[in-house]
Protein chains: 2
Amino acid sequence: MQNVAAKIGVSITTVSRVLSGQAEKYRISKRTADAVFKVAAEMGYVPDQVARGLRIRRTNTIGLIIPDISNPFFSTIARYIEINARKYGYSTILSDCQEDTQMEIESIHLLQSRKVDGLILCPIGEDSDHLMAIVNSGLPIVIVDRYFPELACSYVISDNYKGAFEAVSYLIENNHHSIGCIQGRINTSVNINRVRGFRDAYKKSNIPLDESLIVGENFGKKDGYIGAKILLSRKTRPTAIFSASNLISLGAMRAILEEGLTIPDDISMISFDDQPYSDYLVTPMTTVAQQTSEIGQIAFTLLHSQMKSESKPMVESIILPTKLIIRKSVKKLELTV
Amino acid sequence: MQNVAAKIGVSITTVSRVLSGQAEKYRISKRTADAVFKVAAEMGYVPDQVARGLRIRRTNTIGLIIPDISNPFFSTIARYIEINARKYGYSTILSDCQEDTQMEIESIHLLQSRKVDGLILCPIGEDSDHLMAIVNSGLPIVIVDRYFPELACSYVISDNYKGAFEAVSYLIENNHHSIGCIQGRINTSVNINRVRGFRDAYKKSNIPLDESLIVGENFGKKDGYIGAKILLSRKTRPTAIFSASNLISLGAMRAILEEGLTIPDDISMISFDDQPYSDYLVTPMTTVAQQTSEIGQIAFTLLHSQMKSESKPMVESIILPTKLIIRKSVKKLELTV
DNA sequence: ATGAAAGCGCTAACAG
DNA sequence: CTGTTAGCGCTTTCAT
């Protein structure tokens, strides 16, 4: 910057002002401004954002904490967050905390020390103590996918309850009265709501629910495999499975195939999370689709409005509808008496 | 920091030294050091990495440029880069440049202005002019997935040639003599090598290659659909398809299903990129697996060694083997005479 | 074993 | 319309 200024015989202040688009404001002559642009370009000068950040106490940087970026559900969300952030001049620092609450905590501290202007967080989700502090610290933050009623914080999630309710109701309409549920990580809002939807669909139809039909303890592929194995080994096999995530479904399918069973002839299935490949599975899968790209976009928009506003921002909760995509994995059962 | 220093009645210099782990070096008394740690923790003091970065001219930050983070191939690579980076104290700034060379250029400039210590780049890959400048700028950089022979720069890629060669040879061994190739983005090293492998497998077997069997122009789902449609509408349909990416395969499968054909009875198929769902497709897919997590890990390791060394780093090229995973999508043809 | 002070590159009062 | 100057929070030389 020194050099640029010297070359034109002008002060670095002027250079700074022109390059930060404040030429107008300070009524700098067009001639000077043009010269600055020209020389800066020639010399390949590019302002140091680190120094700038230190001075203006704003880094134009957001933090993004994700439990597993290789999960297509999260990577799609991440994509739309990053794209929108960049559109508004923010860079995104990514942290994959590997489904580990301790890492989540460390990531938050790290990002704070890097002076991010805001934070988007997909929490592991069983525990919110460590989130309390940061929400209260005044750092703009929005939570995605999971939420905590006790936290005064904006969030954007899917309507997991209704999504599950519709899916299970659809199974019941097809005369399934013994439906297994392979749930995800217990004590997360996502799971609680999906299981609640499952239960309420049963309740609505006055079908008694055998509690042992609910199995599983996390959202992974392995958990789906184990859950399905358990369900399939029951004395009376359920006629359908409701799976709480795409990964669970993959694991469950392995178990089902291993047992020599066919979807939907031997057992019907509905899976949460639509995927590009859902249509091309052994049996095209009926799924509960979430609006992942919208989740990402809205998350950034919410954060952006917080970062812009001076005052303590109001908390906004966005709940996006899901959509039941009917394919071929559910068979209509004959009513036997 | 002021406050911490004041509270113990010591200079900020001392606080800085203790907190940056240099207490030993400056032979600061254990008593003082302990006090510093204690008070800093009490006050919730956490050093400002932005100020630190400005002063020491190193941000402990790397840039990661990816064409599409929602593609599971890239998101897995990104994951292992980020995880390793964090292990060594680096934060990762992510940029999804949406398969657009112009955005790739902008992202590079942006990351430079943010003073990243190094850069990992999955280039769009047809053009390398803009990369020349940055490689020569001395910024540590490693290129992933695609590469440019003219660039003196470390890279880590899969052995695309051999992967394709093995896949197509396998088809030929199963007596397929009319194999369609749905290629990816032309003029990328990835595609060039895969198509070269395809050609050489033909050549090795002395089977004449009808050039019109090579179709397609990008790695996306849509391109796979179009490519397959073209192949399937030929007077004499190929007996097998070699697909250059996971997304291409998804599109191709759609076309195949639409035509009422079955894999592998009507047409055999091999796809590049193994996926968690490959085993559960209509027909379990025979694939060419790349070592994505290793690619990510090695990419960071290469970058790290560059960032540590003072001298101009040597360029290292790592080529990882692929693995043919045989499932059920290839049928052994009878030899007809 | 510790401190004073300079300075990283930039911006914003304040002063013309 | 432009320049002078102080200072963001930290590290590091030099001094003691």
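Which strands of chain B does helix α10 lie across? I looked this up in a predicted model. Helix α10 of chain B, residues 221-232, lies across β6 (179-182), β7 and β8 (240-243) of chain B. I noted its direction as well: α10 runs at about 155 degrees to β6(B).

**Entry: the sheet in chain B**

I then traced the sheet that holds these strands. It is an open sheet of 6 strands in chain B, in the order β7-β6-β8-β9-β10-β12, with mixed pairing. The edges are β7 (214-215) and β12 (323-325) of chain B; each has a single partner strand, so one side of each is left without a neighbour in the sheet. I looked at one pair in this sheet, β9 (residues 268-272) and β10 (residues 286-289) of chain B, and found that they pair in the parallel sense over 3 bridges. Within that pair, B:F272 stands opposite B:V288 in β10(B).

**Entry: the two copies**

I superposed chain B on chain A. A rotation of 180 degrees with 0.0 Å of shift along its axis does this, with an RMSD of 0.1 Å. The two copies are thus related as by a two-fold rotation axis.

**Entry: where the chains touch**

I counted the contact from both sides: 40 residues come from chain B and 40 residues from chain A. On the side of chain B that touches chain A, the elements giving two or more residues are α4, α5 (72-87), β2 (91-96), α6 (101-113) and α11 (246-258) of chain B. The largest share of that side, 8 residues, comes from α5(B). I sorted the residues of that side of chain B into 19 nonpolar, 13 polar and 8 charged.

**Entry: around DNA strand C**

α4(A) gives the most, with 5 residues. I sorted the residues of this surface into 10 nonpolar, 8 polar and 5 charged.

Key. Residues numbered from 1 in each chain as written. Chains lettered and ligands numbered in written order. Predicted model: local features only at pLDDT ≥ 70, side-chain atom pairs only at ≥ 80, totals over all residues. Least-squares fit on C-alpha atoms with pLDDT ≥ 70 in both. Pairing = 2+ DSSP bridges. Helix = DSSP H or I, 4+ residues; strand = E, 2+ residues; numbered from the N terminus. Contact = placed C-beta atoms within 7 Å. Axes fitted to C-alpha atoms, helices over the stretch in contact; angles between N-to-C directions. Nonpolar A, V, L, I, M, F, W, Y, C, P; charged D, E, K, R; others polar.
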